[in-house]
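Colleague: Could you take me through one loop of this model and then show me what lies around it? I'd like a close look at that one part before anything else.

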There are 2 protein chains.
Amino acid sequence: MKEKEQLINYLSQFISEERYNRIFEVSGNRTHHVAIIVENLYQSHNMSAVLRTAECLGVQNVHIIENNFEYKVSKEVSMGADKWLSMYRYHDKENNTEACLQAVKAAGYKIVATMPAEHDCLLDDIDITEPKAFLFGTELLGLTPQAIAMADEFVKIPMYGFTESYNISVSVALTMMNVVQRLHHSDIHWQLSPEELLDLRLSWIKKSIKDVESIIERYKQSY
Amino acid sequence: MKEKEQLINYLSQFISEERYNRIFEVSGNRTHHVAIIVENLYQSHNMSAVLRTAECLGVQNVHIIENNFEYKVSKEVSMGADKWLSMYRYHDKENNTEACLQAVKAAGYKIVATMPAEHDCLLDDIDITEPKAFLFGTELLGLTPQAIAMADEFVKIPMYGFTESYNISVSVALTMMNVVQRLHHSDIHWQLSPEELLDLRLSWIKKSIKDVESIIERYKQSY
């Protein structure tokens with residue numbers, strides 16, 4: 001960790017103080033305690049709105065399951081949010097849903113499927129003391145049977161009208177705002193660990209410096 | 001009111017019991033206490049997501065300011081939500097923003113502009129004891145100077161990342177979910193008045209019956 005701290009310190013001279021402070025401030029609000037999984041979300045404007053919401057809320061990890069299509073990001077909608085997120089794509093397996101959910105579970109998350117079915121528990125009732133990954137399907141087809149079978153819990157967003165579901169990017173925002181706000185107001189340790197913080201800050205500082213690899217090369221040679 | 005009740009009673013034979021009950025249930029969750037105003041929202045997928053959110057949350061009145069463009073609804077995204085809403089369009093004046101905000105203020109609403117400016121109060125701090133109309137601008141240009149000048153209050157949605165705003169349909173959803181949930185948990189009388197309820201139910205029943213005008217014609221002749 002000391003080495004990374006020294007490198008961050010060295011690289012700080014190549015970015016503005018404002019950017020440097022902003023990186024420290026924003027990384028302090030990042031969390032791995034909750035994550036987002038989207039299954040087969042093929043509309044680029046919705047995908048981009050999801051990434052932008054994740055970035056705004058500090059949800060660092062977004063898992064993208066791509067069965068039978070490839071995800072695209074609309075720059076105009078995402079506002080470059082994807083640059084500051086950790087995105088995990090599942091697109092080269094026979095069953096990408098299974099591959100993703102197995103990996104996320106192995107990392108210690110319970111899978112919460114968001115569905116409008118009658119019997120589901122409401123957002124406010126979801127226990128967030130342990131790590132949870134929230135799983136969202138496409139609007140027309142919903143989650144696949146495989147995704148539903150592998151989910152640990154189901155949750156429903158409150159609805160009071162005739163329409164039976166929200167737009168997918170709206171669902172992600174309402175769900176994640178609810179859990180992130182509750183985390184911020186809780187005693188749960190939702191922040192990154194000191195080592196995770198260092199890694200994230202270093203990666204963000206690197207992204208903020210042009211031709212950073214040759215700068216690091218020269219830095220290493222001087223020791 | 002008695003006449004309307006009798007007509008509703010008569011028309012109820014032309015729709016299923018399930019639909020009839022659903023109309024009563026959903027109308028009970030409708031509110032005029034808060035309203036949505038969107039200014040110059042030209043992207044049809046965003047407009048449609050806004051209408052779908054309004055319908056899901058029971059926010060009956062949506063005001064649409066159209067300066068220099070005409071609004072379009074994408075049926076695939078709105079899921080027919082607009083059928084169950086009261087939409088007010090402002091498009092034929094020289095200054096449609098002024099016309100809309102004057103009309104909404106005259107109806108007794110305070111105008112709350114949603115903006116990401118630093119000095120704004122957060123969503124949870126907005127007083128909802130009196131009627132409020134929440135005003136949303138486009139993503140690229142924000143609200144017009146006219147809209148800002150006529151606003152009574154400003155509100156900011158919590159944000160913890162680098163990105164400085166949410167997608168417009170996400171902003172509407174996060175804002176309105178916050179205020180609607182607070183209304184539902186409060187002692188404020190946010191529901192429609194008995195007369196408003198009757199009018200809404202009658203209009204929804206009419207929309208649910210094919211060739212309803214000739215049925216009403218025959219009904220009136222039989223008295």
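Modeller: Let's start with B:Tyr42, which sits in the loop between E1 and H3 of chain B. Helices here are DSSP runs of H or I with at least four residues, strands are E runs of at least two, and both are numbered from the N terminus. Keep in mind that this is a predicted model, where local features need pLDDT of at least 70 and side-chain atom pairs count only at pLDDT 80 or more, while totals for chains, interfaces and linings use all residues. As for labels, residues are numbered from 1 along each chain as its sequence is written, and chains are lettered from A and ligands numbered from 1 in the order in which they are written.

B:Tyr42 has 14 C-beta neighbours inside 10 Å, so it counts as partly exposed (buried means 20 or more other C-beta atoms within 10 Å, exposed means 12 or fewer, partly exposed is in between, and the C-beta atoms are placed from the backbone). Its C-alpha is 23 Å from that of B:Met177, a residue 135 places away along the chain.

B:Asn40 belongs to that loop too, between strand E1 (34-39) and H3 of chain B. Its phi is near 55 degrees, a positive value in a residue that isn't glycine. B:Asn40 is buried, with 20 other C-beta atoms within 10 Å. Over in chain A, A:Asn40 lies in the loop between strand E1 (34-39) and helix H3 (44-57). There, phi is positive as well, about 55 degrees, although A:Asn40 is not a glycine. A:Asn40 has 20 C-beta neighbours inside 10 Å and counts as buried.

Now step back into strand E1. B:Ile37 touches, apart from neighbours within four places in sequence, B:His63, B:Ile65, B:Cys100, B:Val104, B:Ala133, B:Phe134, B:Leu135 and B:Phe136 (contact means C-beta atoms, placed from the backbone, within 7 Å). B:Ile37 is also listed, with B:Ile36, A:Ile36 and A:Ile37, as having the most contacts inside the largest nonpolar core, a set of 108 residues. Such a core is made of buried Ala, Val, Leu, Ile, Met, Phe, Trp, Tyr and Cys residues joined through C-beta atoms within 7 Å.

For the residue classes, Ala, Val, Leu, Ile, Met, Phe, Trp, Tyr, Cys and Pro count as nonpolar, Asp, Glu, Lys and Arg as charged, and the others, Gly among them, as polar. The contact draws 27 residues from chain B and 27 residues from chain A. On chain B's side, the elements giving two or more residues are helix H3 (44-57) and helix H7 (168-184). H3(B) supplies the largest share, 7 residues. By class, that side has 16 nonpolar, 9 polar and 2 charged residues.

How do the copies relate? Chain B can be laid on chain A with an RMSD of 0.0 Å by a turn of 180 degrees and a shift of 0.0 Å along the axis. That's the relation of a two-fold axis. B:Val170 comes closest to the axis among the residues of chain B, its C-alpha at 2.7 Å. And 96% of chain B's interface residues are interface residues in chain A too, so the copies meet through the same surface.

One last stop, in chain A: the axes of helix H2 (residues 17-27) and helix H8 (residues 194-207) come within 10 Å and cross at roughly 145 degrees. Axes are lines fitted to C-alpha atoms, for helices over the stretch in contact, and angles run from 0 to 180 degrees between N-to-C directions. A:Ile23, A:Phe24 and A:Ser27 of H2(A) meet A:Leu197, A:Leu200, A:Arg201, A:Trp204 and A:Ile205 of H8(A). That contact has 6 nonpolar, 1 polar and 1 charged residues. Also in helix H8 of chain A is A:Lys207, which is exposed, with 11 other C-beta atoms within 10 Å.

Notes:
Contact = placed C-beta atoms within 7 Å. Least-squares fit on C-alpha atoms with pLDDT ≥ 70 in both.
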